[in-house]
Amino acid sequence: MRDGFNYERVILKLGGGLITDKNVLCKPRIEQIKHLGKVVFSLQQMGICVVVVHGAGSFGHLIARKFRLQDGLLPNHDFDSVDSTISNQYEARDQVRKDMRSLNQIIVDEWARLGLAVETFPAHEIFTETGPNFKGGIKFFQRKSVEPIPMTYGDVVNCQGEKQFGILSGDDIIVRLGKELEKQNTMQRLMSPAASDIKLLVGI
């Protein structure tokens with residue numbers, strides 16, 4: 001028993017609205033990111049293996065929504081009226097991936113200052129397809145508490161067929177991780193005033 005927290009693994013989902021200002025393009029909430037790092041550090045000190053999945057917030061949603069990336073390739077749709085320096089969905093896809101890497105690096109850097117080692121696996125590099133049945137293995141997330149924290153995030157991933165790409169949500173990722181990591185009995189706990197901001201899938 002670890003001070004009433006009798007679990008070996010925590011899958012932590014950080015909502016985009018928690019770690020960014022969703023009303024301002026690409027604006028992180030640094031103090032929140034630091035605070036969450038301290039929480040993760042405390043869990044590691046308790047010998048708990050932490051897996052982290054984070055959302056996009058203003059680093060992904062605004063552009064993705066404008067260019068309907070969730071719908072896949074729309075070759076007949078006119079995006080000329082979209083007020084943006086980006087001219088098509090391919091450029092939007094690449095920009096969202098770039099912005100997500102930037103957000104992730106901010107988290108990694110802030111947590112490194114707290115003594116946390118993180119290894120990131122961008123979703124578009126290890127997963128394909130969207131929804132709860134997305135494809136790709138989860139071996140990257142099978143870690144011990146003394147190893148670097150595995151982290152990934154919601155992302156624009158490749159899809160087969162005419163769709164070509166789509167958005168794989170962090171929520172779908174954590175559900176699959178919770179089911180397939182070796183401690184399969186899980187429960188979800190909400191840890192913030194906004195219920196969608198932080199989610200824990202805790203291995204029993």
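**Exercise 1.** Describe how helix H2 (residues 30-45) and helix H4 (residues 89-112) are placed.

*Solution.* Step 1: the axes of H2 and H4 come within 9 Å and cross at roughly 55°. Axes are lines fitted to C-alpha atoms, for helices over the stretch in contact, with angles from 0 to 180 degrees between N-to-C directions. Helices are DSSP runs (H or I, at least four residues), as are strands (E, at least two), numbered from the N terminus.

Step 2: H2 and H4 are therefore oblique to each other. Angles under 35 degrees are roughly parallel, over 145 roughly antiparallel, 65 to 115 roughly perpendicular, and the rest oblique.

The model is predicted: local features need pLDDT of at least 70, side-chain atom pairs count only at pLDDT 80 or more, and totals for chains, interfaces and linings use all residues. Residues are numbered from 1 along each chain as its sequence is written, and side-chain values use heavy atoms, without hydrogens and water.

**Exercise 2.** Classify the ring pair of phenylalanine 121 and phenylalanine 140.

*Solution.* Step 1: the structure holds 6 aromatic pairs. Rings of Phe, Tyr and Trp (its six-membered ring) pair if their centres lie within 6.5 Å; planes under 30 degrees apart are stacked, over 60 edge-to-face, the rest tilted.

Step 2: the centres of phenylalanine 121 and phenylalanine 140 are 4.8 Å apart and the planes stand at 35°, so this pair is tilted.

Step 3: phenylalanine 121 is buried, at 9% relative accessible area. Phenylalanine 140 is partly exposed, at 25%. Buried means under 20%, exposed over 50%, partly exposed in between (1.4 Å probe, protein chains only).

Step 4: ring pairs join Phe121, Phe127, Phe134, Phe140 and Phe141 into a cluster.
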